[in-house]
Each structure stands twice: as structure tokens, then as C-alpha cells.
Amino acid sequence: MTIFHHKKNLIAATITTLALGGISTLATTTALASSHREAPFITSMPKVDGSDFYMFRSYETDRENFITLVANYYPLQVAYGGPNYFDMETDALYQIHIDNNGDAVEDITYSFRFQNVVNDLQLNIGSEQVSVPLKNIGPIGPGATDTDNVYVRQTYTLDQILGDRRTGGSTAVVNAVNGSSTFRKPMDNIGNKSISNYSDYAKTHIYNMTVPGCASAGKVFVGQRDESFAVNLGEIFDLVNTNPLGPVDGKSNVIAGTNVLSIALEVPITCLTQGSEDVIGAWTTASIRQASVINPFPGAGNNKAAAVKGGAWTQVSRLGMPLVNELVIGLKDKDSFNASEPMHDGQFATYVTNPTFPMLLEILFEGTAVAPNLYPRTDLVETFLTGLTDLNKPANVVGSEMLRLNTSIDAKPAATQNNLGALGADTSGFPNGRRPGDDVVDIVLRVAMGALIPDATIAPNRTAPLTDGATLDATEFSNEFPYLRIPTAGAIN
Amino acid sequence: MKNMMKIKYVSLFVASVLLSACGGSNSNSTTSVDDDRTDFNSFVVGLIQNQTLDTAEPVDINNLVFEFDAGSNPGDNEDETAFDAIL
């Protein structure tokens with residue numbers, strides 16, 4: 001086994017002498033995770049920062065004919081962040097796109113818009129009715145409609161768009177039980193005095209939905225969840241200040257205990273696939289209005305918002321495969337990537353065919369880590385841009401970055417899933433889609449250093465069990481939709 | 001006090017405009033200051049008034065040269081009325 005020696009002094013010298021901007025970039029980025037705060041511009045807009053995206057065959061009992069899609073936004077929430085906590089952006093468009101014929105263009109889009117519902121709670125103070133300063137002034141729940149004590153809550157609408165995301169035919173997704181086109185988002189997990197049983201309360205916000213043109217009902221849930229990613233954040237970005245050949249669980253997952261907002265859908269497979277093509281590609285985007293003007297005199301009434309926003313929806317966040325914009329795309333192009341669409345991914349191809357990250361590891365662990373000597377990196381092109389032959393590559397694929405899932409491969413129950421996915425001989429996992437329990441950091445580290453290259457003379461580290469030291473697996477998550485854990489509570493007594 | 005706040009806001013709005021560079025073509029919502037420049041204030045007002053559509057494409061701003069001190073008080077960039085139409 002190759003041993004990676006950590007050489008801090010050599011690293012510093014290398015940075016100075018080689019002046020490789022990419023290394024200093026790696027070191028100064030403030031937060032690494034799947035796609036948390038990964039690009040300069042998105043750091044100013046956390047509510048629309050897509051941080052993780054999952055797509056997998058449902059492994060809940062009796063749901064094997066469904067696909068679950070989960071898009072996480074607004075990462076790194078500290079649970080006690082009241083009184084406003086973590087609402088979705090009302091002036092934003094959150095979308096999940098599906099390409100079901102391999103042409104790098106969306107064929108189906110699920111589009112979410114959020115609304116605030118304000119109940120101006122007031123108390124009689126010395127004969128004056130005075131509005132309260134808090135988001136809730138009494139217990140919430142147990143049901144979704146038990147919100148009398150809530151000052152402001154959120155609802156959302158969901159549309160299915162066929163064809164182009166802007167001009168395609170749009171139809172409302174409705175509640176399969178009562179036909180309503182408005183769904184409720186649960187309040188965040190403020191604490192157990194406000195919401196005594198958060199798990200049960202949140203479950204009342206899981207809706208059966210009628211998907212237009214689809215014979216079977218699906219499910220939808222939007223709400224706060226516990227961070228589902230695991231990474232040895234600080235040490236990785238400190239010039240990989242860890243032993244990549246140490247124990248896979250030897251380090252702490254430093255983002256554990258933070259929360260995210262999850263948008264989760266479960267849709268019948270037959271409603272997402274097209275013709276004989278079993279592979280679907282998917283990615284999530286968030287868009288905001290192109291212009292915003294701050295109101296110098298905001299007020300409580302209508303037309304007195306703190307900012308006026310308008311113009312066309314303008315994409316500011318994009319996420320398909322994990323870690324692409326984080327570790328593959330050069331810093332100068334990260335904002336551009338977030339604003340881009342898969343059909344135009346040729347502009348980023350060099351970052352995949354000639355990746356910098358393996359060479360950075362070689363420099364950081366001089367003499368032991370060796371970047372694969374294969375250019376263009378056809379193995380990475382397949383992993384990130386086309387899907388792997390005989391696994392998740394569409395028959396007529398146009399190279400583009402998205403998460404691809406072969407829907408004909410059966411799901412595995414959590415207990416038998418391998419958290420290394422296809423690298424661990426479990427083809428129902430990453431990079432064939434992505435499940436919550438897939439350790440994508442370790443997988444991507446190993447693939448980057450040549451795990452898919454059969455020739456050891458080209459990829460000397462191809463069998464190295466590289467790890468960031470923080471791990472996770474499917475047994476840490478629920479076996480039921482929406483699979484991700486209930487959020488960390490702001491207070492527990 | 002109110003005027004001071006307005007002055008402050010005129011400075012702040014510059015930072016708040018989202019200079020995203022997606023596809024699409026320039027719209028007719030811009031006001032030409034001269035042959036080469038676009039008045040930023042009226043450009044923003046035009047975006048909000050005319051382009052707030054779900055089907056609209058974002059305006060490509062990469063080839064625009066913005067003029068920030070045009071309008072009713074040229075030179076001071078403190079036109080307190082610049083956004084009255086949308087506020």
C-alpha cells in the first residue's frame with residue numbers, strides 16, 4: 001500500500017515556487033462540502049445556495065417503483081438561529097430538472113415557489129394592541145394546520161413544466177387528497193417547548209401529490225432537515241491537513257448538527273423516463289430576479305417590502321454531481337458554472353479532462369501521491385459528463401454535467417447498501433444516482449486519483465483507499481421518504 | 001434624516017443589483033445616455049417594470065457600459081428620485 005506522507009514544509013515551498021494559484025485558492029475557500037458556499041457570488045445569497053442533490057430508486061418498503069429526488073438548500077444553519085430561523089426565499093425559483101433522453105436539455109422541471117403567510121399576532125398592552133416580536137408565541141402542532149400561535153409561516157406551490165424551463169407547458173401539482181395547489185412547509189425545529197414532537201409534526205407535512213399526466217400519486221415534502229453531508233471540512237481545505245490513508249471514520253464530521261432546507265419529491269419511475277431509455281439525468285437550480293432595489297423606507301404594509309425585485313429569473317445556483325463546482329471548476333469560473341445550463345458545458349470541459357485536483361494532491365503529498373498520467377481524463381469524462389458505459393450512460397448522450405441514474409437497477413435496502421456505491425460493487429449507488437448514505441467524498445477522492453483506470457502504470461494510486469476521515473452510511477438515515485433526518489433542535493430541555 | 005437615508009440608499013442599490021450574465025439579449029428597457037453608455041438607474045427600473053415575467057430571459061449585461069451618474073442630477077450619483085417609480 002502506498003503511504004501518503006504529509007509534508008507541510010514542502011507544501012509551503014511548493015506554493016511559493018510554483019505559484020500555482022489553484023493551491024492558494026483551495027486553502028482560502030471558506031467552506032468545503034458537496035456544494036456549500038462553493039462559489040464567490042453564492043456566498044452572499046445563502047437561501048438559494050444549493051448544497052446537495054440526491055436521486056435514487058426509493059428503498060422504502062413498497063416504493064420500489066419510485067424515484068426520490070432531494071435538493072438541499074440554505075446550508076450550515078445553526079439550529080438556534082431565531083427569531084427568524086431559516087425560511088426559503090420568496091423571491092426565488094427553486095427547480096429540479098430532468099433530462100430523460102440524454103440531450104443535455106431539461107424535459108421535465110419541478111418548480112417551487114414559496115409564500116409567506118403572516119398572522120399579525122398582537123397582545124393587548126395597556127389598552128394598546130401591539131404586535132409581538134417573535135415568530136411564535138405558543139406551542140405549534142401537532143398537525144400541519146395547528147399554527148394559531150405562529151406569526152409567519154410559509155407555504156409553497158409546485159408546478160410541473162414540460163419542455164423548456166421558461167416557456168414549456170406548466171401545470172400545477174396538487175394535493176392528491178384535497179386537490180389544493182398550496183402545500184405547507186413546517187416551521188423549523190425551534191425547540192421542544194415550541195414543537196413537542198418534531199418528527200411527528202414534520203410528517204404531517206408530507207403530502208401525496210397528483211403529478212400531471214401521471215397515473216400514480218407521488219409525494220412531496222419541503223422543510224428543515226439535519227445536514228446530510230459528511231466531511232472533514234477544516235482539514236481538507238487546510239491543504240489536506242490530514243492523512244488520506246487513515247481510518248475512514250478517524251476524523252470528525254464538522255458540519256454535523258447544522259441544518260439545511262430540503263426539497264424532496266418522490267415520483268413514479270414511469271413518469272420520469274421516456275421511451276426505452278432507462279437513464280435519467282437531473283440537477284437542481286435556484287434563480288432570483290435579475291434586479292433588486294433596496295427600499296430605504298420599508299414598512300409593514302403592502303408595497304413596503306425591504307427590497308423591490310424584478311426582471312427575469314436569473315440562475316445563481318446549479319448542482320448535479322457533488323463536488324464538481326467545489327473541486328473541479330476553477331475559482332474564476334465558479335459563478336459562471338452556477339449560472340450555466342448543461343447544454344453549454346463544453347466551456348468547462350478542460351476542468352474535467354485536465355483536472356487540477358489530482359495534481360494538487362501530488363504536490364501536497366510529494367513522492368507518494370501520483371496524479372494519473374492520462375489526458376484527457378476519459379474516466380472523469382464518463383463519471384461526470386456522460387455516465388459510465390454499461391451503468392448509467394444514456395444511449396444518445398450529449399456530454400454535460402448532471403447526476404445520472406439508471407432507473408432499471410433495483411434499489412438496495414439501507415442495511416445492504418455499500419457507502420462506496422459502484423466502487424464498492426453496489427451499482428444502485430453513486431455515481432449511479434446518489435443516495436444519502438453514499439460517501440461521495442471518499443468516492444470522488446479515489447476516482448480522481450484513478451480508481452476507474454485499470455492500468456496501474458498510468459494510475460499508481462488507483463487502489464489507494466483514500467478518505468477524508470469522515471464517513472456516513474445509509475443506516476444513519478430514515479428508511480422512509482424524505483429519508484433525511486429530522487433537524488437538530490434549537491433547544492432541548 | 002429622510003434625505004440622508006435616501007442618499008445612503010442610492011449608494012446601496014448599486015451593490016444590490018444582480019449582475020448575472022446569463023443568456024438572452026439586451027432588451028429595450030435600457031435608456032441610452034449616449035452611443036456607448038447605458039444609464040444604470042433607468043436600466044434597473046426598466047428591468048423591474050418590463051422584464052418581470054416567468055418566461056423572460058435575463059438581459060445580457062456583459063457588453064453594456066453603465067453610466068452611474070446620469071439622470072436628473074448628473075455627476076453626483078445621488079438622484080433621490082431615481083427609483084420612485086418602483087418603490
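**Fold, sheet and cores of chain A**

Chain A contains 10 helices and 16 strands. The model is predicted. Its C-alpha trace spans about 80 × 55 × 45 Å along the principal axes. The radius of gyration of chain A is 23 Å, which agrees with the value near 23 Å for a compact globule of 493 residues. Of these 493 residues, 51% count as buried.

Six strands of chain A form an open sheet. The strand order is β1-β2-β13-β12-β11-β9, and the pairing is antiparallel. Strands β1 (50-57) and β9 (174-175) of chain A lie at the edges, each pairing on one side only. For β9(A), the partner is strand β11 (residues 207-210) of chain A. Two bridges connect this pair, in the antiparallel sense. In one of the pairings between residues, Asn175(A) has Met209(A) in β11(A) as its bridge partner.

Nonpolar residues were examined next. In soluble globular proteins, nonpolar side chains tend to be buried together. The largest nonpolar core of the model holds 110 residues. Within this core, Leu69(A), Tyr73(A), Ala282(A) and Leu361(A) touch the most other members. A second, separate core has 14 residues, including Phe43(B), Leu47(B), Ile48(B) and Ala82(B). With neighbours within four places in sequence left aside, Leu361(A) is in contact with Val240(A), Ala369(A), Ala371(A) and Met449(A).

A loop residue, Val105(A), was also considered. Val105(A) is found between β3 (92-99) and β4 (108-118) of chain A. Val105(A) counts as partly exposed because 17 C-beta neighbours lie inside 10 Å, whereas a buried residue needs 20 or more. Beyond its neighbours within four places in sequence, Val105(A) is in contact with Asp99(A) and Met343(A). Ala282(A), one of the core residues named above, is 177 residues away from Val105(A) along the chain.

Terms used:
Residues are numbered from 1 along each chain as its sequence is written. Chains are lettered from A and ligands numbered from 1 in the order in which they are written. This is a predicted model: local features need pLDDT of at least 70, side-chain atom pairs count only at pLDDT 80 or more; totals for chains, interfaces and linings use all residues. Two strands pair if DSSP finds at least two bridges between them. Helices (H or I, at least four residues) and strands (E, at least two) are DSSP runs, numbered from the N terminus. A residue is buried if 20 or more other C-beta atoms lie within 10 Å of its own, exposed if 12 or fewer, and partly exposed in between; C-beta atoms are placed from the backbone. Two residues are in contact if their C-beta atoms, placed from the backbone, lie within 7 Å. The radius of gyration is taken over C-alpha atoms; the globule rule is 2.2 Å times the number of residues to the power 0.38. A nonpolar core is a set of buried Ala, Val, Leu, Ile, Met, Phe, Trp, Tyr and Cys residues joined through C-beta atoms within 7 Å.
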